[in-house]
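Here's a quick briefing to read alongside the model. Have the sequence and the 3D view open as you go.

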Amino acid sequence: MALALSMPVVFTLIIQVVVASLGLRAEARAFFVFGDSLVDNGNNNYLATTARADAPPYGIDSPSHRASGRFSNGLNIPDLISERIGAETTLPYLSPELQGEKLLVGANFASAGIGILNDTGVQFVNIIRMPFQLRYFEQYQQRVSALIGEEQAKRLVREALVLITLGGNDFVNNYFLVPLSARSRQYTLPNYVPFIISEYRKILERLYELGARRVLVTGTGPLGCVPAELAQRSVNGECAAPLQQASALFNPQLVQLLNQLNTEIGDHVFIAVNTNEMNLDFINNPQQYGFVTSKIACCGQGRYNGIGLCTRLSNLCENRDLYAFWDPFHPTEKANRLIVQQMMIGPEKYMSPMNLSMIMAMDSKV
Ligand SMILES: *[C@@H]1O[C@H](CO)[C@@H](O)[C@H](O)[C@H]1NC(C)=O
Ligand SMILES: *[C@@H]1O[C@H](CO)[C@@H](O)[C@H](O)[C@H]1NC(C)=O
């Protein structure tokens, strides 16, 4: 049987070798990104929403110096992960350039303003909520199947790296958005957190069903320490207590969820990224990381430059590398680099059960 290769089998093998040597299957593993503005690469540029970053001074330090829809002065976390895994930057799923072989690099489905819950970010109207990000992922897989065949498409997804960043907006743009929000009347904070964690479980289970096998899941940063919250709620520059309580409840319960899912699956599919600790390092000791401040946003207005949006009319700092926060909510490229560095080589305190360089080494042997 082993020796009696039929002609069609031989042809198939030859075709596979040719396809591989032409590099039709991208050299680097594919990369998929889901979530909110911390990881959106520009999907919202194509939508009728106010949650957008496609005007200056966004992107001022990017290679093109143009605003691309990234909520950063330059590169964001997905860009820097792509850089580290030796891949091209993923395009936003809604970009018309995402065609043909570009599809093999992966895709970014993230949309600024969204959360775990459908009712998070309602004020932004047309954004891609999680059920639709996942539906687009299915559609993506059909398009890749048409390009390279179903088996190869499944393999591309199975071997891909996935990043998902959710949760911050379920507090900032839902529970705490207005003093007596619907969700805060429905739930106390200690009861709201297990509810959104149970909804997050459904999202992660669906990602697994759709073929994802290596998923970096970030917790929330210290939500009460961002310039927007300092501006609204802080008396003396201390981090705002209600939002700090939210991240203190959410992050450990998320880690617990990921451990449960990994145990059920019997493999380390979900990797917990402790973005809270990663952020706190430079928020607590900005000077040690080369920042002049971690409280004042580079671009904004009012207290801590934390009021309103970052626009052409805002105060703008001269040297973005000296600031931890670019706008009232989002880190600078410099801060993003510190975060991605810890993702790559950080100890278990930051990456559990293992860091990205370990994952890359392990997966390259499979
Ligand atoms: C969220 O919206 C999707 C799509 O409209 C729907 O199928 C789903 O049931 C909603 N989830 C919740 C928890 O309401
Ligand atoms: C993180 O990565 C480095 C390799 O760069 C490795 O030596 C180290 O043990 C890893 N740490 C953990 C906790 O996986």
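Start with helix H2 (residues 77-84): this one is mostly covered, with six of its eight residues buried. "Buried" here means that 20 or more other C-beta atoms lie within 10 Å of the residue's own, "exposed" means 12 or fewer, and "partly exposed" is in between, with C-beta atoms placed from the backbone. Helices (H or I, at least four residues) and strands (E, at least two) are DSSP runs, numbered from the N terminus.

Keep in mind that this is a predicted model: local features need pLDDT of at least 70, side-chain atom pairs count only at pLDDT 80 or more, and totals for chains, interfaces and linings use all residues. Residues are numbered from 1 along each chain as its sequence is written, while chains are lettered from A and ligands numbered from 1 in the order in which they are written.

**Helix H2**
- The buried residues of H2 are Ile77, Pro78, Asp79, Leu80, Ile81 and Ser82.
- They pack against strands E1 (31-35), E2 (106-108) and E3 (161-165), plus helix H11 (333-345). For contacts, the cut-off is C-beta atoms, placed from the backbone, within 7 Å.

**The chain as a whole**
- You'll find 12 helices and eight strands in the chain.
- A compact globule of 366 residues would have a radius of gyration near 21 Å, and the chain agrees, at 21 Å. That radius is taken over C-alpha atoms, and the globule rule is 2.2 Å times the number of residues to the power 0.38.
- The C-alpha trace spans about 80 × 45 × 40 Å along its principal axes.
- Buried residues make up 46% of the 366.
- Take the contacts between residues at least 6 apart in sequence: 68% of them join residues at least 24 apart.

**The sheet**
- Six strands form an open sheet in the order E2-E1-E3-E4-E5-E8, with mixed pairing. Two strands pair if DSSP finds at least two bridges between them.
- E2 and E8 are at the edges with a single partner strand each, so one side of each has no neighbour in the sheet.
- E3 and E4 pair in the parallel sense over four bridges, and threonine 165 stands opposite threonine 218 in E4.
- Strand E4 (residues 215-218) also pairs with E5 in the parallel sense, again over four bridges. Here threonine 218 has valine 273 of E5 as its bridge partner.
- E5 and strand E8 (residues 351-352) run antiparallel, joined by two bridges, with alanine 272 opposite serine 352.

**Side chains on E4 and E5**
- In a regular strand the side chains alternate between the two faces of the sheet.
- On E4, Val215 and Val217 point one way, Leu216 and Thr218 the other, and all are buried.
- On strand E5 (residues 270-273), Phe270 and Ala272 point one way, Ile271 and Val273 the other, and all are buried.

**The nonpolar core**
- The largest nonpolar core has 97 residues, of which Phe32, Val162, Val215, Val217 and Ile271 touch the most other members. Helix H7 (residues 189-209) gives this core its largest share, six residues. Such a core is a set of buried Ala, Val, Leu, Ile, Met, Phe, Trp, Tyr and Cys residues joined through C-beta atoms within 7 Å.
- Beyond its neighbours within four places in sequence, phenylalanine 32 is in contact with Gly106, Ala107, Phe137, Ala160 and Val162.

**Tyrosine 304**
- Look for tyrosine 304 in the loop between strand E6 (299-300) and strand E7 (315-316).
- Tyrosine 304 counts as buried because it has 22 C-beta neighbours inside 10 Å.
- Not counting residues up to four places away in sequence, tyrosine 304 touches Pro227, Leu230, Ala231, Lys295, Ile296 and Ala297.

**Ligand 2**
- Ile345, Pro347, Glu348, Met354, Asn355, Ser357 and Met358 surround ligand 2, where a residue is near a molecule if its C-beta atom, placed from the backbone, lies within 6 Å of it.

How values were computed. Two residues are in contact if their C-beta atoms, placed from the backbone, lie within 7 Å.
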